[in-house]
Amino acid sequence: MRLPALARKTHKWLALIIGVQAVFWTISGVYMTAIHIDTIHGDHLVRAPDQRPIALTGLVEPGSLIPGGTRSVKLESQLGRPVYVVDAVPGRMLFDARTGELLSPIDEAAARERALSHYAGVGGVEKIELIDVAPSEIKNRAVPIWRVEFTGLWRPTLYISPLTGELVAKRHDLWRTFDFVWMFHIMDYEERTDMNNALLRVATWMSVAASLTGAWLLLYSFRRRRRARKKAAA
Amino acid sequence: MFLIRTLHKWFGLILGLQFVLWSISGAMMALLDHHKVSGEPSVRAPVPAIAPAEPLSLARVAQAVGGPVHGLKLKPLGSGYVYEAATPTGVKLVDAVSGQAVAIDEVKAAALAVAAFSGSEKVASVRKVETGDVETRSLPLPLWRVEFADKEQTTLLLSTTTGEVLERRNNTWRLWDVFWMIHIMDYTKRESFNHPLIVTMGVGMSWLALSGVILLFRSFRRQDFAYVLDPIERIRDERKTRKQA
């Protein structure tokens, strides 16, 4: 077989196998690059954290909450009130820092109030539920967890931990679409996390071969018009 | 179809090199084990610690910090416990028993790094990073950079204020990072994949791929699949003749 014919044939067959995936790669790539990653992360959905000073006087001593079983304690403001988030041997807990009262697990009203205090978008709460099975958009997060969906654009959803009262995750449809196209980009159609799967490894090297044979084919694909005309004239 | 072929050819000529680069860098990133890249094997899980039964009182913490706080943590650091106070002028560390201010100096940073490193190799160098580079990315500066004498040249980047390990680097990551740079076309900071160049390239490349797929419909003839189709037809014909008989 002559070289141009060989180049054409290999390029054609490689493209038959990898062509559709190449379309997926490029289109998913455009989506991921065109929308800023901060927007995907939903940074615009929440307010900046409360930076007002907390008066330490009159607060319950952090060591007295779970004596002998405390791993770490964090003092922060929730809904404008000082609270302790405690990581202890029995688990994670939330306390009122002024009274020492145990606040966790927080109920629906408390979760709603916290979600509203974080939310910076328009619209109110559409749906609030305590879920026992983590959906794929927050996999690896501890359950049960409060899922608070808002009525705004692209179904903004905040996840609040019932144990700590903290904002755990923020999601919206732009994030969900990103996750979907990411699945096509790394070709892990199950977990959407494994970038070293065998399918991707084989497909990417086929793409290397397809693009290189394409470059090879370019050598035979362009003619110098002027010389061709001269020949025609002669 | 002629127009699509011409367009495919010219898009290939102009964007082809980037397609090759995206393919190669993508293939290499798929090849390099992501657990190794993120330095997971070099992480030593912290020993679960229990806070002292009677830590420093809040009154003495306030005294030691000497200003307003908007956040306070009681957390393990090294072999003991500290209070980490977030103040308008930065983070302050106070020993949770003695009340002494804790500074993350060179010795302390090295000790914290050793405790967080799973290997048995010694520390090769400790350096304070004042100006950022590709390794420190957008982490807050200054940082302690502790490099180990292992094969992977594992490097831990620690906060000079909290003593926390903020990032891990190693030779697999350093190699991976070169391909990442090529893939996201951010050749200086290697950080952002949201810039006009890559979006433009991506749109052009989408057309290159799509036009290629369209051309596939014209590039194959029955003859190309003869080795599969011929036997099938032969079997079909045989069945027909058998039925007729």
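In chain B, B:V82 stands opposite B:D95, a residue of β3(B). This model is predicted: local features need pLDDT of at least 70, side-chain atom pairs count only at pLDDT 80 or more, and totals for chains, interfaces and linings use all residues. Residues are numbered from 1 along each chain as its sequence is written, while chains are lettered from A and ligands numbered from 1 in the order in which they are written.

Let's stay with that pair of strands. β2 (residues 80–87) and β3 (residues 90–95) of chain B pair in the antiparallel sense over 6 bridges, and they form a hairpin with 2 residues between them. Here strands (E, at least two residues) and helices (H or I, at least four) are DSSP runs, numbered from the N terminus, and two strands pair if DSSP finds at least two bridges between them. Strands of a sheet pair through backbone hydrogen bonds, either parallel or antiparallel.

Next, look for the open sheet of 4 strands in chain B, with the order β4-β5-β6-β7 and antiparallel pairing. Its edge strands, β4 (123–129) and β7 (165–169), each pair on one side only. β4(B) is joined to β5 (residues 143–148) of chain B by 6 bridges, and B:S125 stands opposite B:E147 of β5(B).

Now turn to where the chains meet. The contact takes 49 residues from chain B and 49 residues from chain A; two residues are in contact if their C-beta atoms, placed from the backbone, lie within 7 Å. On the chain B side, α1(B) gives the largest share, 13 residues. Strand β1 (residues 70–78) of chain A also runs antiparallel to β1(B), joined by 3 bridges, and A:L75 has B:L72 as its bridge partner.
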